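Thanks for coming, everyone. I'll take one site, then the sheet, then the cores. Please have the structure open.

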Amino acid sequence: MTAKRLSANDVSLPKMALGSDTGGDIFTLSSHGRARTALEFGLNVTDSGFNIFVVGEDRSGRMTATMNFLEASVADKPPPNDWVYLNNFRRPHRPRPLPLPAGVGRRFRDRLTVLVRQIRESLSGAFGGDAYQSEVRAESEKLQQSVAAEMETLRKEAQTNGLDIMQSPQGASVVPIDTEGKPVTLDEFSPEDRQRLQEAAREISEKLNTINRRAAREHGELGERVMQITRATADNALGIQFDGVQEEFSGYGGVVRWLVEMRNDVLDNVHLFGGHDGSEARRELPEDRYAVNLFVDHSDDPNPGVLLEANPTYENLFGRMEYRPAEGGLYTDFTMLRAGAVHRANGGILVLRADAMARNPITWEFLKGSLRDGEIRIEEMQRNGAVPLAGAPRPKPVPLDLKVVIVGAPRWYYAFFSVDPEYQTYFKVKADIDADMDASAENIASYALLIRNMARDHRKFEVDDAAVQYLIGMATRWASNRDKLTARFEIVQDVVVEAVELALTSKQRRVTLDIVLEAIRNRRRRNARVEDRMQESISDGQVMIATTGRTVGQINGLTVRDLGDHAFGGPARITARASAGRHGVINIERQVALGGPIQQKGVMVLQGFLSGRFARRFPLSFNCSITFEQNYGGVEGDSASLAEVLAILSDLSGLPLRQDLAITGSMNQRGDAQAIGGAHHKAEGFFRSCVENGGLTGDQGVVVPESNEQNLILRDEVSEAIAAGQFHLWSVRTIEEAAELFMEMPAGERDDKGCYPEGTIYGRVQSELEAFDRALFERERKAVPE
């Protein structure tokens with residue numbers, strides 16, 4: 001078999017029949033079919049472990065498409081509950097979460113704000129009223145009159161005994177008096193009268209102490225009676241307000257129970273509403289103590305949320321506790337609890353970026369903990385290791401009812417998440433988006449509609465059929481397969497957006513084929529600086545590349561570089577120098593640590609091929625160094641294996657290699673050509689080198705493995721040159737087909753004795769290797785003493 005010449009039709013941009021614009025969103029394409037099925041399954045399973053990881057290549061629209069799909073899946077579902085945090089009156093450091101139907105949380109918060117104001121007004125009126133004041137005054141006067149009567153009786157008894165009860169700042173005391181009732185000292189009395197007065201004073205003092213103790217006890221009882229009066233008055237004043245609120249929210253048991261607790265707490269703390277009893281008001285205000293912290297509000301949401309948290313730090317996901325300065329320190333309470341994304345998405349879907357989660361490994365651990373325990377806790381991560389803050393609340397957790405969807409590239413899935421032993425416990429569904437899809441009629445029709453919608457969504461522009469057809473052809477190029485379309489829709493969208501802007505600049509309302517071509521040329525011009533400099537160095541002769549003539553042991557290999565925004569190919573000179581020896585193939589790149597393991601594997605495969613072809617009758621006795629000339633940045637991959645073996649065969653046979661050809665391809669030990677990546681970039685790179693290094697001669701071309709034929713979708717200028725016979729492409733199945741094309745001589749077939757015929761490539765190689773072996777044998781024989 002000989003090398004197969006490829007026609008322009010074999011390598012030009014495919015022109016697909018558009019068909020009718022049918023289809024829907026991106027998930028109608030076959031590339032997303034597997035992922036769509038997985039998403040539907042994961043969303044329908046209620047078990048907490050069936051969360052979803054969406055895996056898709058970069059620029060595949062994986063996040064946009066997934067968000068659209070998720071939003072459509074919840075569009076007909078009711079919104080989730082609101083969540084409020086309420087004061088826990090029995091355990092103030094443990095605020096209580098309470099779920100309420102969407103919209104009820106806001107209504108309850110606003111109603112409680114009004115209720116607290118009404119309570120303040122009602123209590124102010126009740127305690128300032130005549131009835132309350134009169135009742136309290138009556139109880140106080142009753143006590144005062146009783147004590148005053150007893151004191152008057154005791155005073156008269158004291159006066160009968162020549163004594164009197166006098167009031168002083170130190171309290172009541174018993175003193176002797178004269179006949180006029182004035183206090184005197186005991187020294188003015190005789191010893192007998194003095195003794196009598198002292199005994200009488202002791203008795204009066206004991207009775208006075210008894211009266212004082214009874215007065216103190218009754219004063220305490222008065223305080224309790226006043227509190228009972230106050231509580232009864234407050235209860236009567238608050239009845240209408242609380243009854244109205246309880247009736248309004250009677251359908252929510254948790255609210256009613258808390259309102260009962262609140263009513264009792266208000267009755268126990270009426271002093272908070274104005275200090276009617278003369279006590280100083282506490283720092284805590286009723287507006288704070290009885291506030292409703294509307295923690296999560298879904299009153300404006302028509303359905304369960306699909307929430308994307310772009311920066312999943314701990315606080316952004318799980319909430320935080322805020323502080324305010326107070327009296328030279330910090331103060332917080334349950335009203336300053338703030339929800340995180342997990343709280344806001346609770347009852348719906350939380351979407352996270354895999355790369356962002358990978359940058360926050362602590363958050364990943366807490367997320368797994370929440371999924372495991374089925375609840376959301378608020379921890380103060382920033383205060384770990386700090387002195388505990390007195391009075392800081394430790395809120396009760398919120399029950400978790402959430403579907404988590406992580407979206408990311410395969411590298412994050414395999415490098416971070418899939419190696420976590422707990423990953424499969426919590427993310428049991430993998431939604432895998434293919435990198436490409438078959439170029440079927442259904443996919444093409446959906447693809448065409450997506451392209452038109454891209455222009456419509458951007459500026460309400462329309463796209464001509466010819467432009468759509470060309471972009472679909474480019475989709476096959478970006479997929480590197482004539483029978484596939486790329487699933488990296490964002491690349492297509494970038495071109496469409498740029499084309500729309502160009503059309504707008506030129507005052508057109510449609511995107512035509514010419515505008516699309518100009519947009520693609522502009523993108524290439526912006527991103528091709530490195531490629532231009534590399535080709536310039538070839539044209540200037542700084543990098544030595546020959547595109548004409550013939551040379552022994554020298555061949556044009558092909559490389560490809562991907563800079564992220566631009567991929568391109570170019571030629572690389574590969575040389576081989578053979579001599580007698582025992583080392584076989586010597587990879588210079590490997591010797592100086594510039595060759596990677598795959599490149600070295602390719603060289604070892606090449607050594608195996610040579611042994612299989614030429615070492616059946618005698619051992620290989622040669623040294624042959626191979627290298628990529630003027631390469632200083634390292635080499636990896638085995639796509640130069642065909643070029644390397646041709647260079648070795650050329651140097652061993654003495655047959656020159658065509659320099660107007662370049663070749664790329666891997667090989668196995670049996671000499672079969674194997675597919676490589678970037679074939680179209682490599683062919684275009686050598687084409688450009690030929691054009692800019694003396695021009696096209698009509699003989700130049702590129703050789704690729706036959707298995708790469710479907711990967712050849714070349715730019716228009718290259719396919720046009722092929723159609724004009726100015727440039728050529730060949731495909732080969734074996735090393736022999738490539739060797740015959742490059743050295744213009746039959747490769748040769750081994751006879752029954754293991755010999756290759758003279759006048760063939762392999763015959764010349766075998767002859768040279770036999771000469772090497774004889775020379776070494778004779779040298780070694782002479783070196784051994786007899």
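Start at S653. Beyond its neighbours within four places in sequence, S653 is in contact with M743, I761, R764 and V765. Contact here means heavy atoms within 4.5 Å. This is a predicted model: local features need pLDDT of at least 70, side-chain atom pairs count only at pLDDT 80 or more, and totals for chains, interfaces and linings use all residues. Residues are numbered from 1 along each chain as its sequence is written, and side-chain values use heavy atoms, with hydrogens and water left out.

Where does S653 sit? In helix α22, residues 641–653. Helices (H or I, at least four residues) and strands (E, at least two) are DSSP runs, numbered from the N terminus. Is S653 buried or exposed? Buried, because its relative accessibility is 6%. The cut-offs: buried is under 20% relative accessible area, exposed is over 50%, partly exposed is in between, with a 1.4 Å probe and protein chains only.

Now the S653 side chain. One of its polar atoms lies 2.8 Å from the backbone oxygen of L649. A polar atom of that side chain also lies 3.2 Å from the backbone nitrogen of L655.

Next, the sheet. Five strands form an open sheet, in the order β8-β13-β16-β2-β17, with parallel pairing. Two strands pair if DSSP finds at least two bridges between them. The edges are β8 (306–309) and β17 (429–432), each pairing on one side only. From one strand to the next, the twist averages 20°.

Look at β2, residues 52–55. Four bridges join β2 to β17, and the two run parallel. I52 stands opposite V429 in β17.

Two helices lie across these strands. Helix α13 (residues 410–417) lies across β2, β16 and β17, at about 135° to β2. Axes are lines fitted to C-alpha atoms, for helices over the stretch in contact, and angles run from 0 to 180 degrees between N-to-C directions.

Last, the cores. A nonpolar core is a set of buried Ala, Val, Leu, Ile, Met, Phe, Trp, Tyr and Cys residues joined through side-chain atoms within 4.5 Å. The largest has 59 residues; V351, Y447, I472, F489 and V516 have the most contacts inside it. Apart from that core lies another, of 50 residues, including A643, I648, L657 and V732.

Key:
Polar contact = N/O pair within 3.5 Å; in protein donor to acceptor, adjacent residues only side chain to side chain.
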